[in-house]
Amino acid sequence: MISSAQEILKKHFGFDHFRPQQAEIIERVLDKKDALVLMPTGGGKSICFQLPALLMEGTCIVVSPLISLMKDQVDALKVNGIKAEFLNSTQSFNDQQEMLEACFRGEVKLLYVSPEKLLTDLDQITRMAKPAIFAIDEAHCISSWGHDFRPEYTKMGFLRERFADIPFIALTATADKVTRKDISKQLKLREPRLFISSFDRKNLSLDVRIGVKPKQKTEEIISFIRGRKDQSGIIYCLSRNTCDDLAEKLKSAGINADSYHAGMSSEDRARVQEDFINDDLQIVCATIAFGMGIDKSNVRWIIHFNMPKNMEGYYQEIGRAGRDGLPSETILYYSYADIMLLNKFASEGGQREINLEKLKRIQHYAEADSCRRKILLNYFSETLPENCGNCDVCKNPRKHFDGTVLVQKALSAIVRMNEKEGSQMVIDVLRGSMRAEITYAKYDQLKTHGAGSEISSLDWQRYLMQMLNVGVLEMAYDENFALKLTALGKEILFGKKKIELTVLQLLDRKESSAAEKKVKRTVAPAEELFDRLRNVRRDFAMKENVPAYIIFSDATLQAMASEKPRNRLEMLDVAGVGEHKLERYGQAFIDAILDFMEGPASKAQKGNTYQETLLLYRQGLKPEEIAIHRKMSPQTAYSHLAYLYLRGNINSLEEFVSWQEVEQVKKALKFLGGSTKAMKPIFEHLNESISYLKIRLALAVIEKEAEDK
Ligand code: ADP
Ligand code: ZN
C-alpha cells in the first residue's frame, strides 16, 4: 500500500518524501480507523486526507469553516489533477446541484463543505456523494475552550454513529490538552489515534521588541520593509483605526500597503485579500480577522504592531509566515499600554478567568529573558532540549543586575501613595514631576518624590513591567489599574529578600538596522533566475485566475533556481513538481531556465541544440564524447538522446541501454506503482545497479513503447 501512496505523493503532489507522521496518518485512514491530527499551520495536514481520498472509492467529505478558503483549496487540488469541488451557501442553487451531480457520477474525490451546509443538506449530500472519509478541518472550532469557537461544529456529534464504517479524521493546528479531549468527545471519535507533530517552526525567527514608542515603531517598520524588497508581509494591529493609520503612513512612504478589517465593505476586503494573494499588494495592515481565509505560502514576515490576546492567536498569526519552509521573520512589539487595554477587554468579556490567564501567559512570553521558542513550545506541551538560536534572546542574551534598591524605591513610592495610583503617576512621582495633580495630592512632599529621576520615564515603565512579571507588584484592573504590593513585594521593601532585574535592551536604531541588514543577506531570494521564474509563474496565475503559489510554491521555485533543471525529467525531480504540473507548466519554466543559462545570444540556436547532438551522434560519437564536444554534462547528452529517440530521429537506444536493463526498470516501475517518473526511487529500488543515465534512456524506451501501443 505504501508504495502506491508514495507514487501518488510524487505524481499528484510532486513530493518525494512524506513529512514525519504523514505516512502513518494516511495508513490509519486507509485502515478505516479514526485519527486526531495536531500539526502546526503549514505542517502538511491536507495531504493526510487528500491522498487517501485518491486511493479509496467514493468521496472524502471535508468539513471546513473557512468558506473563503474553499475555492483556493479546490483550485490547488485541480491544478494537481485531482477532482475536487466545494459546496457552500455562497453558491447558486444551480451550481450546488451541478456539483452534487458530479459527485453522483463519481467524478469528485474531495468535496469541501461548510458545517452549516453539511448539516442542513446531509441526506442529499451523502446520497449523491458516497462518503469515503470524513475529514473535519479546523477541529478546534468545536470546543468552547479553544479560541475560535463555532457553535455549528458542536452539532456534528451524531455523524460518527450514523456513518459507522467510514473513517473520521479531525485536524487542527492549535489545541491544548483540554481542547484535544473535547474534540474527541464531541465528535465521538472511535478510539482515535492521536498524532502530534512538532509545533516547532524552525524557519520562523522570533523577535520581541519592548517599549518602542508608536512613532518610532512606525519608522522602524518602514526601514524594515525597505530592506525587504517585494517580500510579502502582514502587520497585525489591535484596532481598525491603527490599521488604517499605519497603512496610510506606509503608503505615503511609497510602500505598497493597504488595510483590512471588519469595518470595511466586503468588496473592499475581498479585493485586498485577492491582491495580497496574487502578489499585487505587498503588505496588509490587518486586525486578526485577516489570514483565516488565506493560504499564501510565501508570506515572508509577520509584525505584531500590538500585543496579541493569547499564545494560540500569536502562534497562529506568526504561523502564516513561511509556510513554504523558507526562512521568515516575526516581530512582536510589546507595550504596556496594549497590556492595559487587553486586560480591560479580558476582564469585561465572557470567560474572564480563562482570558486573563491566557493574557498573562503571553505577557510572560514577551517579557521572557530565556529562549522564546522554548517557552512557546512549552505552552503547546512540547519541550525543546536546546536553545533555538533563532530568537532575539538567543541572539542577544540578557544580562542581570541586583535591582533591589531600584525596586525598593518604586515600592516605597507606591506604599506612600496608599497603593491607589497607576503606573504613570508612580513614574512621575519617582522622576520628581511638579505637575498640578502631584502638588495637589501633596505627592511632592513624599520622601520618594524625585528618588528615581536618573531613570527615564520609558525605562521606568519597562522596570515596572518586570516587577509585575516577577510578581513583586500586581495591578488592580478594577481600581483604575492601581499598582499594589504583593507579599513578595513587601518582603523586598523591608529588606528581607533581594531581587534581580534584567538589564534593559538598547533599542538603538543603528543596532537594529545593522541586524536587519544581516538578516536581509541571508533571507532575500534575490537571485535573478528566481525573479524570472516568478514572472513565468505570475503569467500562469493571471491566465488561470488562481493565486501564484497554487502554480508552484516559492520553495519549489527556489529549488528550480538552484537545481536548474534543463529538461522534463530533471524538472520532475524538483520537489513540488508532480506529473500534472509538469505537463501543464513544466516547459515554460524549463525555457526560462535555459534562457537564463544560455543567455540571449544562443537563444536562437536553442531549437538547434538537439540537431547538433543528432549530427554528432550520426558521426558515431558516444554520448560521453558528445558531452565533451558540446561542453555539456553527460546527463544533458543522454537526455538529448532520449528526446531524439522519442521524436523518432534515432531508431534505437540498444547500444546504450540493454533490453534486460529496460526490463529491470520496467519491473521497478511496476513495483513502485506504475507511472512514477522520478528516477531516484527507481535507482534505489534497483540497489543502484543501473546508472541514472541508463535509467533515463530506459524510461524513454518504456515511454515510446507505451505510445506505440
Ligand atoms: P496545513 O494544512 O497543515 O497548514 P498544508 O497541507 O497546506 O498545511 O501544507 C503546507 C505546505 O507544505 C504546502 O505547500 C504543501 O504542499 C507542503 N507539503 C505538504 N506535505 C509535504 C511533503 N511531504 N513534502 C513537501 N512539502 C509538503
Ligand atoms: Zn531561542
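By class, I found four nonpolar, seven polar and three charged residues in the shell around ligand 1, where Ala, Val, Leu, Ile, Met, Phe, Trp, Tyr, Cys and Pro count as nonpolar, Asp, Glu, Lys and Arg as charged, and the others, Gly among them, as polar. I note that this is a predicted model, in which local features need pLDDT of at least 70 and side-chain atom pairs count only at pLDDT 80 or more, while totals for chains, interfaces and linings use all residues. Residues are numbered from 1 along each chain as its sequence is written, chains are lettered from A and ligands numbered from 1 in the order in which they are written, and side-chain values use heavy atoms, with hydrogens and water left out.

Next I looked up the neighbours: 14 residues surround ligand 1, and the closest are His 17, Gly 42, Lys 45, Ser 46 and Arg 323 (near means a heavy atom within 4 Å).

For polar contacts (pairs of N or O atoms within 3.5 Å), I found a nitrogen atom of ligand 1 at 2.8 Å from a polar backbone atom of His 17, and an oxygen atom of ligand 1 at 3.1 Å from a polar backbone atom of Gly 44. Taken alone, ligand 1 exposes 570 Å², and the protein buries 79% of that (Shrake-Rupley method, 1.4 Å probe).

Cys 243 counts as buried at 0% relative accessibility, and Cys 391 counts as buried at 0% relative accessibility (buried means under 20% relative accessible area, exposed over 50%, partly exposed in between, with a 1.4 Å probe and protein chains only).

Definitions and conventions: Polar contact = N/O pair within 3.5 Å; in protein donor to acceptor, adjacent residues only side chain to side chain.
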